[in-house]
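Here are my notes, in the order I'd go through them with the model open on your screen. Have a look first, then read on.

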Amino acid sequence: MLESKISRIQRDIETMAQYTATPGNGMTRLSFTEEDRKTRAYICSEMEKAGLHVYTDAAGSICGRRDGVGEGVPIVMIGSHFDSVKNGGNFDGPAGVAAALEVARILHENNISTENPIEFVAMIEEEGTRFGAGLYGSRAMAGQVSNNEIKTFRDANGISLEKALQDFGLDPLKVKDAVRNPEDLKAFIELHIEQGPVLESETLDAGFVSTIVGITRFDIEIEGRADHAGTTPMHMRKDALLASLEVAKTVHDVAYAKGEGTVGTVGIMQIYPGGANIVPGKAFFTVDIRSVEQSNIEDIVKEMKKTLELVSARMGVSVHMERKISVPPIHLDKKIRGIFEQEANHRGISYRTMVSGAGHDAMIMASLTRVGLLFVPSKGGRSHCPEEWTDYEQLKKGVDIALGTILKLAEANI
Ligand code: GLV
Ligand code: MN
Ligand code: MN
């Protein structure tokens, strides 16, 4: 019996779900690792079976191309990412990759020809879990990955992006060859899980994103002085953790006061050397700030810097901060949202317009071409955790909208 479309999507998700570094404790698929390699092999083989011309771009993202009948016409792209956070779920990223694979399979088995070529993509290092910045595959396409990033951004084991690329068989000097010319692109479509509770709580099948929040991320290092925890009086300490906590509190309080969905998070905090009887000599932490208004983000950054200066002067600690990424809020294409709506109406699929508080490759692709981002519901609103789940029937509805939209976009006159 022929495998149903839903079971094919389920197979994609379940197969990719096997390739985790933390079996039994969620999905941990860091870029350019063994888990990445195995997932890649599956995606490439499914793309090949769907008749695509498959290649890895110079940055390491997987691309599968399907020719159109038009001459010299731009490409319509669809895809998402396949790396993950630590101990995350099986849908953040892979849902959109599975959607792209299913669209490719349907076009192939029905011998559908389109005017424009279509490219199916599976991007890498979107989360930034390994090298800190994130959105790397799409930034490489947009020419936003600098040599400095390649040489100096390091993973938790001190391995640079440059070395990781080399070890994976990619040439770091060639990452710039992944850059796409905006004239070669007609549109980019991404299907993603919502990662929040709105669609489920309103019993809706789909969300069409109008705006993606701006995201700014910092790595901050505070150097104090390691001392004996029993003999060093409180007023004579240079406690790097204490200084870091003041900064974390500022980020939290200022983001809270801003409202409008503005958020600020310290998601990693490490103290060194780490001992119950040692005053923390050094601290490393990340700060992730998001808002639909860039001015809110900059205000938080300003207050955070002020606190850093104050604690540095008062406690005698030194501070090093590095902005790892800064992407402004992005408004997505209204025309593509209109096509999503037509496709949903036509199929009786319920939907709403929404803002994305999560970052997506779509926000970078918007600097190159017109972009549409389509959400399917997340059970319990859970994401970036092992409980992440989307019902396959709902995922299939999203795929139907994506397919209809791709077919419309790949007509010459849209
Ligand atoms: C990715 O999921 C992000 O929003 O950081
Ligand atoms: Mn994510
Ligand atoms: Mn994602």
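1. One cut-off before we start: a residue is called buried when its relative accessible area is under 20%. Arg217, with 17%, is therefore buried. Keep in mind that this is a predicted model.

2. Arg217 has a partner: it forms a salt bridge with Asp288, with the closest N and O atoms 3.0 Å apart. The two sit in distant parts of the chain, Asp288 in strand 12 and Arg217 in strand 7, 71 residues apart. Asp288 is buried too, at 14% relative accessible area.

3. Helix 8 itself runs from residue 240 to 258 and spans 28 Å between its first and last C-alpha, close to the expected 27 Å. Its buried residues include Ala243, Val247, Val251 and Val254.

4. Asp239 caps the N-terminal end, with a side-chain oxygen 2.9 Å from the backbone nitrogen of Leu241. Just after the helix, Gly259 has a positive phi of about 65°.

5. Now the metals. Which protein residues are donors to the manganese ion (ligand 3)? They are His81 (NE2), Asp92 (OD) and His192 (NE2), at 2.0 to 2.2 Å. Asp92 also coordinates the manganese ion (ligand 2), which is 3.5 Å from ligand 3. His81 is buried at 0% relative accessible area, and Asp92 counts as buried at 5%.

6. Back to charges: the salt bridge count comes to 31. Asp12 and Arg105 make one of them, with N and O atoms 2.6 Å apart at the closest. Asp12 is in helix 1 and Arg105 in helix 3, so this pair ties together parts 93 residues apart in sequence. Both ends are buried, Asp12 at 0% and Arg105 at 8%. The two also belong to a network of salt bridges whose members include Glu3, Arg8, Glu46 and Lys49.

7. Last one: Glu119 and Arg180 meet in a salt bridge at 2.7 Å, N to O. Glu119 lies in strand 4 and Arg180 in the loop between helix 6 and strand 5, so parts 61 residues apart are tied together. Glu119 is buried at 1%, and Arg180 counts as buried at 13%.

Key. Residues numbered from 1 in each chain as written. Chains lettered and ligands numbered in written order. Predicted model: local features only at pLDDT ≥ 70, side-chain atom pairs only at ≥ 80, totals over all residues. Heavy atoms only, no water. Helix = DSSP H or I, 4+ residues; strand = E, 2+ residues; numbered from the N terminus. Expected span 1.5 Å × (residues − 1). Buried < 20%, exposed > 50% of the residue type's maximum accessible area, 1.4 Å probe, protein only. Polar contact = N/O pair within 3.5 Å; in protein donor to acceptor, adjacent residues only side chain to side chain. Donors = N, O, S within 2.8 Å, 3.2 Å for Na, K, Ca; no water. Salt bridge = Lys/Arg side-chain N within 4 Å of Asp/Glu carboxyl O.
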